[in-house]
Amino acid sequence: MAVFTPVSLDDLSGWITQFDLGQAHAIKGISSGIENTNFFITTDRGEFVLTVFEKLTFAQLPFYLNLMRHLAERGVSVPAPIANRDGAIINALHGKPAAIVTKLEGASQMSPAPQHCAAVGAMLARMHLAALDFPLRQPNLRGLAWWNETAPVVLPYLDTAQKLLLNDEIALQNAYAASADYAALQQGPIHADLFRNNVMFDGERLTGFFDFYFAGCDTWLFDVAVTVNDWCIAPDTGVLDDARVRALLDAYHAVRPFTATEQAGWQTMLRAGALRFWLSRLYDFHLPREAEMLTPHDPGHFERILQLRIARPAPPLFQES
Ligand SMILES: Nc1ncnc2c1ncn2[C@@H]1O[C@H](COP(=O)(O)OP(=O)(O)OP(=O)(O)O)[C@@H](O)[C@H]1O
Ligand SMILES: N[C@@H](CCO)C(=O)O
């Protein structure tokens, strides 16, 4: 279980008195996360999620938590942060920043059908639009600057072919990011990590997006690419499934129409989406942090996806008439 910071019921009982949540009755570590330490907690007011942030700082967190609050207030279904009696939503626990948010109903849909992908596409577009007037600005901290910093750190662990793939892709993405086409892409706050395990479904009803702790300001197209690269593939091979790609993109397009510039950048952006997670998985694999128990994600999965997106064109963003 990836519990980096243990929290006992005793610890919680003292800490929770600053909130209007009544008494704490239970706390249970959640095993699946790899970035933060998460707990389900039960109080007099019901069930919530407590997150202790392992890497994010007090300075970075207001962006994520206020974005969640902003979206929740605009009817986008995301966990709503709970403020203490002073109005603070980020509070120290064992010397680390921590927050309590509402618990979403349902479970992750790890074998999505086209209708699940359509629900995700539509809500992603609604989320992009709803976040447009969010006043805080923070870059995507796992964006281009981080790729350029991280590539040299992981490069020594790669074989010759992998080094070539990584260096070529970094060069191509730098060139694209410097282009006029890139500058014309729609930007705003994005989720940036909208994998199947960060969305809840109750049957076919989407009950919420969560885990906003990689969110940042970046192109909307990058968010779509990251999402398609996880939701619309054969999990073993990374090959895109056209029916799911079409369902997700058409549903997004119906809410917020894609532009011709986005269409032109789509194939490159799918590669960027693969590169980002290949790099982070390589980093976590070769330079792991200590945890009580931790299984790193397989970097090879996104290496394959990157190779596939280079080799074969994906379905277009939309059909041009
Ligand atoms: N608000 C929420 N409502 C319901 N369940 C939640 C909520 N937040 C987290 N969880 C549960 O906790 C698990 C881990 O949370 P989360 O994905 O945020 O952790 P993480 O460490 O950021 O993980 P990763 O970065 O690996 O996706 C989720 O898979 C989900 O089951
Ligand atoms: N979604 C990321 C983990 C960080 O949230 C991955 O699958 O590598």
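## Two domains

The protein chain is assigned two domains, domain 1 (9-102) and domain 2 (114-311), with bounds that come from an automatic or database domain assignment. Their C-alpha centres lie 26 Å apart. The contact between them takes 19 residues from domain 1 and 18 residues from domain 2, where two residues are in contact if their C-beta atoms, placed from the backbone, lie within 7 Å. On the domain 1 side, 11 of these residues are nonpolar, six polar and two charged. Here Ala, Val, Leu, Ile, Met, Phe, Trp, Tyr, Cys and Pro count as nonpolar, Asp, Glu, Lys and Arg as charged, and the others, Gly among them, as polar.

This is a predicted model, in which local features need pLDDT of at least 70 and side-chain atom pairs count only at pLDDT 80 or more, while totals for chains, interfaces and linings use all residues. Residues are numbered from 1 along each chain as its sequence is written, and chains are lettered from A and ligands numbered from 1 in the order in which they are written.

Let's look at helix α2 (residues 61-73), which has 13 residues; helices (H or I, at least four residues) and strands (E, at least two) are DSSP runs, numbered from the N terminus. Its buried residues include Leu-61, Tyr-64 and Leu-71. A residue is buried if 20 or more other C-beta atoms lie within 10 Å of its own, exposed if 12 or fewer, and partly exposed in between, with C-beta atoms placed from the backbone. Among the elements covering the buried residues of α2 are β5 (96-102), α3 (114-131) and β6 (187-190).

Tyr-64 is also one of the residues that touch the most other members of the largest nonpolar core, which has 82 residues. Such a core is a set of buried Ala, Val, Leu, Ile, Met, Phe, Trp, Tyr and Cys residues joined through C-beta atoms within 7 Å. Its largest share, 11 residues, comes from α3.

## Two loop residues

His-94 has a positive phi, near 50°, and lies in the loop between β4 (91-93) and β5. Ala-192 has a positive phi too, near 75°, and sits in the loop between β6 and β7 (199-202). His-94 is exposed, whereas Ala-192 is buried.

## Around ligand 2

The residues around ligand 2 are Glu-35, Asp-193, Phe-195, Phe-277, Ser-280, Arg-281 and His-297, each with its C-beta atom, placed from the backbone, within 6 Å of the ligand. By class, they divide into two nonpolar, two polar and three charged.

Terms used:
The expected span of a helix is 1.5 Å times one less than its number of residues.
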